[in-house]
Amino acid sequence: MQPVKNSPFKPINPTGAMLNIEKLRTFPGFEHCPDEEAKEIVDSLSTLASFLVQRVNKYSHSEKSQEIGLEPNLQQGKAA
């Protein structure tokens, strides 16, 4: 995963590794999260991420995304 240039945000997962209970516990506020709750959090975040990726992929390939400038206009052979 490539970091976004000039981003004010520090990447928290530059390798793209899946979140697990041990990694979750490295974030402030989750250090002492019980195993079962941590597993629920990891599973919920994984489900949310999958949903968002599906929606972005579906939307980014639609004609509407070209209309609002989210995707280059490939019909003209160059970015709008």
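The model is predicted. Start with the overall layout. The chain has 3 helices and 0 strands. Read along the sequence, the order is α-α-α.

Next comes the surface. The chain has 80 residues, and 9% of them count as buried. Its accessible surface comes to about 7,300 Å². Carbon and sulfur atoms make up 59% of that area. Contacts across the sequence can be sorted by separation. Among contacts in the chain with a separation of 6 or more, 6% join residues 24 or more positions apart.

Now move to the loop between α1 and α2. Helix α1 covers residues 21-24, and helix α2 covers 35-60. F30 sits in the loop between them. Which residues does F30 touch, leaving aside neighbours within four places in sequence? They are L24, R25 and I41.

Side chains of opposite charge can pair when their charged atoms come close. How many salt bridges does the structure hold? There are 2.

One of them joins R25 to D35. The closest N and O atoms are 2.5 Å apart. R25 lies in the loop between α1 and α2, while D35 belongs to helix α2, so the pair ties together parts that are 10 residues apart in sequence. How open are the two partners? R25 has a relative accessible area of 24%, so this residue is partly exposed. D35 reaches 51% and therefore counts as exposed. The cut-off for exposed is over 50%.

Another salt bridge pairs the side chains of D43 and K39. Here the distance from N to O is 2.9 Å. Where do D43 and K39 lie? Both are in helix α2. They are 4 residues apart, about one turn of the helix. D43 has 38% relative accessibility, so D43 counts as partly exposed. K39 has 46%, and K39 is therefore partly exposed too.

Look back at the two pairs. R25 and D35 link the loop between α1 and α2 to helix α2. D43 and K39 pair within helix α2.

Notes
Residues numbered from 1 in each chain as written. Predicted model: local features only at pLDDT ≥ 70, side-chain atom pairs only at ≥ 80, totals over all residues. Heavy atoms only, no water. Helix = DSSP H or I, 4+ residues; strand = E, 2+ residues; numbered from the N terminus. Buried < 20%, exposed > 50% of the residue type's maximum accessible area, 1.4 Å probe, protein only. Contact = heavy atoms within 4.5 Å. Areas by Shrake-Rupley, 256 points an atom, 1.4 Å probe, with all protein chains shown as cover. Salt bridge = Lys/Arg side-chain N within 4 Å of Asp/Glu carboxyl O.
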